[in-house]
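Here are my notes for your first look at this structure. Keep the viewer open and check each point as you read.

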Amino acid sequence: MVARTALSRGFACHRLSQHITLYVNELAPPVSGRPMQDVALGHKPLTLMLPWKGARPQAVAKYCEIYLRTGFDVLVVESEVRNFLWPQWGLAQGKRILELLHSDHFVSRPLLIHAFSIGGYTFGQMLVHVSQDTQKYEQLTRRIKGQVFDSLVIGSLENMATGLGKTVFPRMESVVKHGSLLYFSLFERQTVAYFNRSIEACRNSPIKAPALFFYCDNDVMSDSEAVEELIDLWQKHGITVTAKRWEKSIHAGHLKTHPQEYLTTLDIFLHSLNMTPLKAKM
C-alpha cells in the first residue's frame with residue numbers, strides 16, 4: 001500500500017481491503033464542467049493502477065500523484081505472487097476487481113488502466129473473464145478510455161521465471177528461476193494452460209481503447225520483440241497504440257531512469273484521451 005505520508009497534502013487514502021486502496025484528490029476541480037456534487041457521486045475519472053511486485057510505497061506514490069494532480073482518483077490493486085503461481089486464484093482476483101469496478105461507487109466512472117510488470121498479468125486475468133462474457137462486461141469495456149502498460153512481462157516462460165526470481169527472492173534469483181521452471185513443468189495443466197488463456201485474451205483483447213506501451217531492449221523480463229508483436233497485432237485490430245522504447249532502461253523503472261521523456265509521453269497520451277481538464281503539470 002502507498003503510505004499516507006508518501007502523498008502530498010490534499011490527497012485522501014481509503015483502504016478497501018488488504019491489497020486494494022483508493023486515493024482521492026479532495027482538491028480536484030469539477031470534471032468537464034460538472035458540479036462538485038456530481039463528481040462525488042462517481043463521475044470523476046478513475047485510474048486502475050496495477051503495480052509491479054515488491055513496489056515500494058514511495059515509488060507507487062509518484063505514479064499516484066501524477067494522476068491525482070491531473071484530476072483522477074486512483075484505485076491501487078496489489079498483485080500477489082500466489083495468484084501468479086496458481087492462476088485459478090489469479091482468475092478469482094480478476095473477477096473480484098471487475099465486480100468492484102461495477103459496484104455503486106465506481107460503476108459510472110470513466111476508467112484508465114495503468115499496469116506495471118506482473119500487474120499486466122492481473123489485467124490479463126480480468127480480460128479472460130471479459131472475453132468469456134463480452135455482453136456482461138460491455139458497459140465496463142466502454143468505460144475504459146485508455147490503457148498504459150509499463151514493462152509488461154511478456155515472452156517465454158523463462159521471462160516469467162526470471163521475473164519471479166528478481167522480485168520474490170533476489171538473493172536467490174537463480175534458484176527461484178530454475179525452481180519456477182520445474183514447477184511450471186510439473187503443473188503445466190494448472191499453470192501454463194492458464195497462462196496461455198490469459199495471453200490469448202490479451203492478444204484478442206475486447207478493449208479497443210487507445211494504448212500506451214513503455215518498454216526497453218535490455219529488460220530480461222519483458223521481451224521487446226514480443227511487446228512489438230503485440231503492438232502490431234493490436235494496431236491490426238484497430239487499436240490506436242503509442243509506444244515509447246529505450247535501448248537501455250530499468251524494468252518498471254522508466255520514470256526514474258528517463259523522467260522527462262516518460263512524463264512528456266504520458267502527458268501527451270492523457271491529453272489525447274480528453275478524460276480531464278489536465279490543468280495541473282506533471
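Where is the place of D219?

1. D219 sits in the loop between β7 and α10 (224-236). Bear in mind throughout that this is a predicted model.

2. Is D219 buried or exposed? It is buried, because its relative accessible area is 9% and the cut-off for buried is under 20%.

3. Look at what surrounds D219. Leaving aside residues up to four places away in sequence, D219 touches S151 and H251. A polar atom of the D219 side chain also lies 2.9 Å from the backbone nitrogen of M221.

4. Now turn to the sheet. Strands of a sheet pair through backbone hydrogen bonds, either parallel or antiparallel.

5. Follow β7 to its neighbour β8. The two run parallel, and six bridges join them. Across from C216 you will find W246 in β8.

6. Next, the aromatic rings. How many aromatic pairs are there? The count comes to 11. One of them is Y63 with Y262, which is edge-to-face. Their centres are 6.1 Å apart, with 70° between the planes. This pair links distant parts of the chain: Y63 is in helix α2 (residues 57-69), Y262 is in helix α12 (residues 259-273), and 199 residues separate them. Both Y63 and Y262 are buried.

7. Y262 has another ring partner, F214. Here the rings are stacked, at 3.9 Å centre to centre and 15° between the planes. F214 belongs to strand β7 (residues 211-216) and Y262 to helix α12, so to speak two distant parts of the chain, 48 residues apart. F214 and Y262 are both buried.

8. Ring pairs link W52, Y63, F116, F214, W246 and Y262 into a cluster.

Definitions and conventions. Residues numbered from 1 in each chain as written. Predicted model: local features only at pLDDT ≥ 70, side-chain atom pairs only at ≥ 80, totals over all residues. Heavy atoms only, no water. Phe/Tyr/Trp six-rings, centres within 6.5 Å; stacked < 30°, edge-to-face > 60°. Helix = DSSP H or I, 4+ residues; strand = E, 2+ residues; numbered from the N terminus. Buried < 20%, exposed > 50% of the residue type's maximum accessible area, 1.4 Å probe, protein only. Pairing = 2+ DSSP bridges. Polar contact = N/O pair within 3.5 Å; in protein donor to acceptor, adjacent residues only side chain to side chain. Contact = heavy atoms within 4.5 Å.
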